[in-house]
Amino acid sequence: MASEFDIIRRYFEHHSDSVKLGVGDDCALIDIGDGKDLVITTDTLVGGTHFLLSEDPFAIGFKSAAVNLSDLAAMGATPKYALLAITLPFSDEVWIEGFSKGLYSLLNQYDVTLVGGDTTRGDILSITLTAIGFVASGTALRRDHAILDDDVWVSGSIGVGAVGLLVQEGVVKFSNEDERDFLRQLRKPAPRIELGQNLVGIANAAIDISDGLVADAGHVADKSGVQIVIDFETIPTHPALNSSRRELKIKNSILEGGDDYELLFTSTIDSRDQIENISCDLGLVLTRIGKVRSGLGVVVRDDGEELIVSSEGGFDHFAKTK
Ligand code: ADP
Ligand code: MG
């Protein structure tokens with residue numbers, strides 16, 4: 001079966017001169033004049049696939065907004081408007097009220113106005129949010145501008161949302177407090193809007209980590225025509241995961257898990273001080289995890305070994321090179 005990315009490339013990728021950036025980045029960019037670019041993105045959450053139907057509807061509403069605002073963050077955009085298309089298999093008003101409160105709690109935090117949408121009945125609960133923002137013309141952060149010798153940075157802690165999923169599935173056990181952290185990251189991720197905005201003019205490339213660290217680093221590498229080398233040891237994670245970071249489930253969560261919605265970005269060595277200042281100002285940990293070099297795809301270095309990660313379609317498999 002064709003991969004998600006093959007389907008997009010084959011059937012949905014068409015270019016138009018009026019569009020500054022179309023299919024292939026976190027958001028599309030459309031020049032609307034007046035020194036501004038419109039930044040637009042959409043994401044769907046499906047009940048049973050992206051969340052459990054038994055989950056708190058507030059968290060589902062919150063996450064629907066978060067995953068979209070995270071894509072705007074990855075472009076350095078200021079969010080402004082949203083559209084909501086929702087398919088409901090029921091008309092449980094307690095659920096809908098909870099969902100609406102969660103959705104608005106994040107939209108209001110960023111002054112985003114819901115300006116339209118569609119409400120339908122169907123067999124499966126499906127939520128599609130479209131988010132719209134703006135950036136000064138030509139300043140958006142993109143996946144395709146990583147430059148040789150750039151540092152590779154990530155915000156926050158990586159693998160936490162994925163471990164939240166393992167906790168939710170009962171596959172791993174931690175203290176109650178740590179489990180709460182993991183589940184909070186899974187269900188209520190914080191879109192890094194302020195970080196994205198601060199990185200405009202500093203980062204050369206950026207992406208939000210929704211498919212997993214290696215997969216998303218792979219998207220930057222592919223689009224920029226470079227190789228990204230990541231030092232596994234330097235990847236920041238939750239303190240409770242540090243000692244077990246080489247256990248398979250935890251290692252896979254750090255390298256492959258999605259659901260963190262942190263930003264991965266690249267920038268020149270000269271920007272290190274500015275980035276440290278942004279980290280202090282925002283109270284958000286920013287960590288250098290690797291470098292951009294010539295080549296293809298992503299290489300993860302660990303314990304003197306290099307693991308080559310396929311560049312095609314993001315994360316496909318690991319193959320040891322040594
Ligand atoms: P993200 O994880 O950042 O939300 P995706 O991996 O979902 O991005 O999508 C990758 C790119 O493909 C994005 O630019 C997205 O807009 C585009 N895309 C995904 N599905 C479709 C589709 N059905 N039609 C057109 N473009 C699509
Ligand atoms: Mg994205």
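D26 counts as buried because its relative accessibility is 6%, where buried means under 20% relative accessible area, exposed over 50% and partly exposed in between (1.4 Å probe, protein chains only). D208, at 1% relative accessibility, is likewise buried. The model is predicted, so to speak of local features pLDDT must be at least 70, side-chain atom pairs count only at pLDDT 80 or more, and totals for chains, interfaces and linings use all residues. Residues are numbered from 1 along each chain as its sequence is written, ligands are numbered from 1 in the order in which they are written, and side-chain values use heavy atoms, leaving out hydrogens and water.

The magnesium ion (ligand 2) has D26 (OD), D71 (OD) and D208 (OD) as its protein donors, at 2.0 to 2.1 Å. Donors are N, O and S atoms within 2.8 Å of the metal (3.2 Å for Na, K and Ca); with water not among the atoms, sites may look incomplete. D26 lies in the loop between helix 1 (4–12) and strand 1 (28–31), and D208 in strand 7 (residues 205–208), 182 residues apart. Helices (H or I, at least four residues) and strands (E, at least two) are DSSP runs, numbered from the N terminus.

Turning to the sheet, five strands form an open, mixed arrangement in the order 1-2-5-3-4; two strands pair if DSSP finds at least two bridges between them. Strand 1 and strand 4 (113–121) are the edges, each pairing on one side only. Strand 3 (residues 78–88) runs parallel to strand 4, joined by eight bridges, and Y81 stands opposite T113 in strand 4.
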